[in-house]
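Please read the following briefing alongside the sequence and the coordinates.

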Amino acid sequence: MMPAPKLGPPFFLVALDVVDSTNDEAKRLAQRGFGHGTVLWAQEQTAGRGRRGRPWVSPRGNLHLSVIIDPGRPLREAAQLGFVAAVALCDTLAALAPQARFECKWPNDVWCNGRKIAGMLLEGTGVDDLLILGIGVDVVAAPDPALYPATSLREVGCEEGAGAVLAGFCNHLLPLLAEWRDEGFGAARDAWVQRARGIGEKAVVRLDGETLTGVFVGLDDDGGLRLELPDGTGRRILAGDVFFPGS
Ligand code: BTN
């Protein structure tokens, strides 16, 4: 087992070896009374889940993490948290691998040198307003990509382990989370847009049963992707898969 990093308050680390999904374990812990700041770190997941019901291949050495968060903001703003966390993770990875180029990719992925390196799954717990922020980072291996090309920290020449990513992420998240709780989405939204992949570019958006092509013009206050269609009308996308054919 890798050495566990020391996390300061409010974070409290639960280090696990093998688990089905850290998000599922976090839900079980929330139901047993674990609260804000509980961080679950598993070496391996046997049933890791991605967005839109996809499996998340979770080999030893990669980072599989879930954080229980009390958003302290109205539930309708919960999706914003994924963007706050994506900025924190993007900056964490950029600090660990300054030779590589990291971007935030809608909705909550982080990409590195034009390939996906991390994804997030934000879910409710069913306990009060507590949320679970699940994060997977390809540290040592980029499993065969189902949808997007993938890379890992190793592949871009970074030798840091999952524990360093976890500690860095918690450090980056803390001030951004406090700012979002106290002042709302504005600063995190701007930070996400600054780091975003594909703003102003042609985007193909695959929805359930429909594919749209347009220009990715920005992010709205609900975290929705604003797409301008060829006829000049706008669409707000809240869930879908986005591809940038030009890059
Ligand atoms: C995606 O990009 O589709 C989201 C991937 C989220 C994967 C992480 S790994 C830790 C946590 N536990 C899970 O089962 N999923 C998330």
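How much accessible surface does the chain have, and what share of it belongs to carbon and sulfur atoms? The accessible surface comes to about 10,600 Å², of which 50% belongs to carbon and sulfur atoms, with areas taken from the Shrake-Rupley method with a 1.4 Å probe and, for residues, only the protein chains shown counted as cover. This is a predicted model, in which local features need pLDDT of at least 70 and side-chain atom pairs count only at pLDDT 80 or more, while totals for chains, interfaces and linings use all residues. Residues are numbered from 1 along each chain as its sequence is written, and side-chain values use heavy atoms, with hydrogens and water left out.

**Overall fold and dimensions**

- The secondary structure of the chain comes to 4 helices and 12 strands, where helices (H or I, at least four residues) and strands (E, at least two) are DSSP runs numbered from the N terminus.
- Along the principal axes, the C-alpha atoms fill a box of roughly 55 × 40 × 35 Å.

**Burial and contacts**

- Of the 247 residues in the chain, 53% are buried, a term that means under 20% relative accessible area, with exposed over 50% and partly exposed in between (1.4 Å probe, protein chains only).
- Among contacts (heavy atoms within 4.5 Å) between residues at least 6 apart in sequence, 65% join residues at least 24 apart.

- Strand 3 (residues 63-69) is largely enclosed by the rest of the structure, because 7 of its 7 residues are buried.
- Both faces of strand 3 are covered, with Leu63, Leu65, Val67 and Ile69 buried on one side and His64, Ser66 and Ile68 buried on the other.
- Strand 2 (residues 38-45) pairs with strand 3 in the antiparallel sense over 4 bridges, and Leu40 stands opposite Ser66 of strand 3; two strands pair if DSSP finds at least two bridges between them.
- Strand 7 (residues 131-137) runs antiparallel to strand 3 and is joined to it by 7 bridges, with Ile132 in strand 7 as the bridge partner of Ile68.

- Pro74 lies in the loop between strand 3 and helix 2 (80-96), and Pro74 counts as partly exposed at 34% relative accessibility.
- Pro74 and Pro107 are 33 residues apart in sequence and, C-alpha to C-alpha, 20 Å apart in space.
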